[in-house]
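Here are my comments on the model, as you asked. Please read them with the structure open.

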Amino acid sequence: MVFSSVEALSPFINLAMAALFLGTLFYLVRLNEKVTAMRGAQSELRTLLRACSDQVDGAEKAITTMRGVAQQLAGDLGRSLEEADRMKTAIDATTADIAAMLARLETGAAAVTAQPNPASPQGAKRGKPGKQVPPQQRGPVRPAGPTDQGDRAAALRLFRETFRAL
């Protein structure tokens with residue numbers, strides 16, 4: 001009886017096996033399509049990876065170039081700062097010279113008294129050569145004389161040259 005029941009089930013088992021075989025075939029066909037699509041994408045992926053690698057190489061070169069330029073700019077900036085420091089020192093020295101000249105001019109202008117020149121018309125009017133005129137009769141203090149003007153002109157010229165150098 002077992003044999004009869006197994007023989008009776010044999011066509012059903014064969015049909016089940018055939019269905020499983022067809023399912024496997026269908027699954028393998030779909031798997032083959034996906035593998036083919038992946039192989040196509042693999043070549044695109046390789047192209048994309050090459051492009052990405054090229055971009056990374058370009059970025060590394062650009063970074064190296066930028067570092068070189070930054071070092072060069074840092075050197076230029078250092079030289080500019082040194083030059084600016086030298087110019088500041090020169091300006092400070094010039095300013096001190098100008099201040100000294102102005103102080104000399106101020107003290108010179110205050111110390112200048114009206115001493116008549118005998119050769120000038122005013123000196124001839126005030127007194128004879130060899131005769132001293134008392135300070136009360138000398139008159140007001142003269143404005144800055146030619147020597148003072150020369151010092152002022154030199155100071156202004158030095159000042160202008162300093163600022164032109166900037």
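The points below run from confidence to fold, then to surface and side-chain details.

1. **Confidence overall.** Note that this is a predicted model. The mean pLDDT of the protein chain is 78. Of its residues, 70% reach 70 or more.

2. **Confidence by element.** Which element has the highest mean pLDDT, and which the lowest? Helix α1 has the highest, at 89. Helix α2, residues 121–126, has the lowest, at 48.

3. Over residues 123–130, pLDDT stays under 50. The model still has ten contacts there beyond four places in sequence. Residues 138–142 also stay under 50. For that segment the model has twelve contacts beyond four places in sequence. I would read both sets of contacts with the pLDDT values beside them.

4. **Fold.** The protein chain has three helices and zero strands. Along the sequence the pattern reads α-α-α. Helix α1 covers residues 2–111.

5. How much of the protein chain is buried? Of its 166 residues, 7% count as buried. Residues 24 or more positions apart account for 69% of them.

6. The protein chain exposes about 14000 Å². Carbon and sulfur atoms supply 64% of that area.

7. Valine 35 is found in helix α1.

8. **Salt bridges.** How many salt bridges does a search of the whole structure find? The count is two. As background, side chains of opposite charge can pair when their charged atoms come close.

9. Aspartate 76 is partly exposed, with a relative accessible area of 30%.

10. **Aspartate 92 and lysine 88.** Here the closest N and O atoms of the salt bridge are 3.0 Å apart. Again both residues lie in helix α1. The spacing is four residues, about one turn of the helix. Aspartate 92 has a relative accessible area of 41%, so it counts as partly exposed. Lysine 88 is also partly exposed, at 48% relative accessibility.

11. **Threonine 94.** Is threonine 94 buried or exposed? Threonine 94 is found in helix α1. It counts as buried because its relative accessibility is 11%, and the cut-off is under 20%. What does threonine 94 touch, not counting residues up to four places away in sequence? Its partners are Leu158 and Thr162.

Conventions. Residues are numbered from 1 along each chain as its sequence is written. This is a predicted model: local features need pLDDT of at least 70, side-chain atom pairs count only at pLDDT 80 or more; totals for chains, interfaces and linings use all residues. Side-chain values use heavy atoms; hydrogens and water are left out. Helices (H or I, at least four residues) and strands (E, at least two) are DSSP runs, numbered from the N terminus. Buried means under 20% relative accessible area, exposed over 50%, partly exposed in between (1.4 Å probe, protein chains only). Contact means heavy atoms within 4.5 Å. Accessible areas come from the Shrake-Rupley method with a 1.4 Å probe; for residues, only the protein chains shown count as cover. A salt bridge is a side-chain nitrogen of Lys or Arg within 4 Å of a carboxyl oxygen of Asp or Glu. pLDDT is the predictor's confidence in each residue, from 0 to 100.
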